[in-house]
Amino acid sequence: MYLMCSFRFENYFRINKDCFQDVLKEISPKLKSGRRSLALRPEIKLATALRFLAQGSYQTSVGNDFNISITQPTVSVVLKEVLEACEATICCKWIMTEEEKNSAKEYFFTNSGIPGVIGCVDGTHIKIISPGRNDANMCFNRKGFYSLNAMVVCDHKMKIRYFDARYGGSAHDSLVWNVSVMKRLLQERYDAGERNSWLLGDAGYPFEPFLMKAISTANMQRQETLLKEQLDCLKHAFGAYRLGTISNESNFNSKHAKARNIAERTIGLLKTRFRCLLGARELHYSPIKAAVIANVCVALHNKCMDFAEEHLDDIENIIMQERNYQEDVEGAYSTEASQIRNNIRDNLF
């Protein structure tokens, strides 16, 4: 396995050799040590789990791989063991420091002109098999397949700062957000007086002082009509001359979409790297086990980002497949949030 060239190793296991060693060092104390001379070494266990996550195939084909060569029942045991070890070690909470927040704000302001942005939130569906009669309705989504609706919060470096895959595909993005720890943390900071930090989200999320959305189509149409009437009045008053027709609302939405694109790219990168999360073949596990697999993939993704790895093959196709257009959702703090957004909108350059 270690005799592979670096390119083939990374393409095969979706992490490079340095990242592999770093993960192995962290999870090894949690792996069981066999007493027999033929017991699997920790590196083989990790390689087995990574190969499954990387290709999203059946356990039998992973075991038949010439670089691993173990039976399907052993693959099942090893996968369970490695997932548990990863959850206990590398699947910790990623909390942004003030320095990281300031770095994110500077990046988003430089690239989009919107101040105060510390990250972006988006949802993605992770395809699974039918969980059975009792939970089938909870997992059947509006796109017509069984899934988990996972919420992803990423920063400007495409690291995933928060991930929640506990809810079935029938759950709306706004529901997942409203019951999340992330919302509670941002709410607590807002109530404590923090007024200059927020996430960017799409129409599927509620409009709140710490979650900025684009201006809805209905509001846009009203604003565009008002702008046209004002321009017509100016033309009559001062004669025909060239006037700008781009409203503040259109300008804000354009910059909002540009900034929020990083969330789509982060999800695309995650699923490109660990193809078990792609919809081409659903995960053949219960919703709870599928959520564990997704959590570990996210933790490994963040490890890869620490080692400056990117697998961008087919990422644009995945982004297009992930695009999710939803009805606009209002929040409980829409008035306060509107004041903040209007202030940003009117001061954009």
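In the predicted model, the side chains of E194 and K101 form a salt bridge, with nitrogen and oxygen 3.7 Å apart. Because E194 sits in the loop between α9 (181–191) and β4 (198–201) while K101 belongs to helix α6, this pair ties together parts of the chain that are 93 residues apart in sequence. The two partners can be described by their accessibility. K101 is buried, with a relative accessible area of 3%, whereas E194 is partly exposed, with a value of 25%.

Helix α6 (residues 98–112) also contributes E100 to a pairing with strand β3. Here the side chains of E100 and R161 meet in a salt bridge at 3.2 Å, N to O. The pair links distant parts of the chain, since R161 lies in β3 (residues 160–164), 61 residues apart from E100. At a relative accessible area of 27%, E100 is partly exposed. R161 has 10% relative accessibility and counts as buried, because the limit for that class is under 20%.

A further salt bridge joins D346 to R345, the closest N and O atoms lying 2.8 Å apart. D346 is partly exposed, with a relative accessible area of 44%, and R345 is buried, at 14%. Salt bridges that share partners also join D22, E26 and K303 into one network. In total, the model contains 16 salt bridges. In general terms, side chains of opposite charge can pair when their charged atoms come close.

Leaving aside neighbours within four places in sequence, R345 is in contact with I215, N248, E249 and F252.

The largest nonpolar core holds 51 residues, and the members that touch the most others are L53, F163 and I293. At least two residues of this core are supplied by each of α1 (6–13), α2 (17–27), α3, α5 (72–89), β2 (147–154), β3, α11 (248–273) and α12 (287–306). Helix α12 provides the largest share, eleven residues. Beyond its neighbours within four places in sequence, I293 is in contact with F52, L53, L83, C276, L283 and Y285. Another core, of 23 residues, lies apart from the largest one; among its members are M212, F252, A337 and I340. One of these, F252, is also among the contacts of R345.

Helix α3 was then examined along its length. It comprises 14 residues, 42–55, and reaches 20 Å from its first C-alpha to its last, close to the 20 Å expected at 1.5 Å a residue. Twelve of the 14 residues are buried, so that α3 is mostly covered. The buried set consists of E43, I44, K45, L46, A47, T48, A49, L50, R51, F52, L53 and A54. After the helix comes G56, whose phi is positive, near 65 degrees.

How values were computed
Residues numbered from 1 in each chain as written. Predicted model: local features only at pLDDT ≥ 70, side-chain atom pairs only at ≥ 80, totals over all residues. Heavy atoms only, no water. Helix = DSSP H or I, 4+ residues; strand = E, 2+ residues; numbered from the N terminus. Expected span 1.5 Å × (residues − 1). Buried < 20%, exposed > 50% of the residue type's maximum accessible area, 1.4 Å probe, protein only. Salt bridge = Lys/Arg side-chain N within 4 Å of Asp/Glu carboxyl O. Core = buried A, V, L, I, M, F, W, Y, C linked by side-chain atoms within 4.5 Å. Contact = heavy atoms within 4.5 Å.
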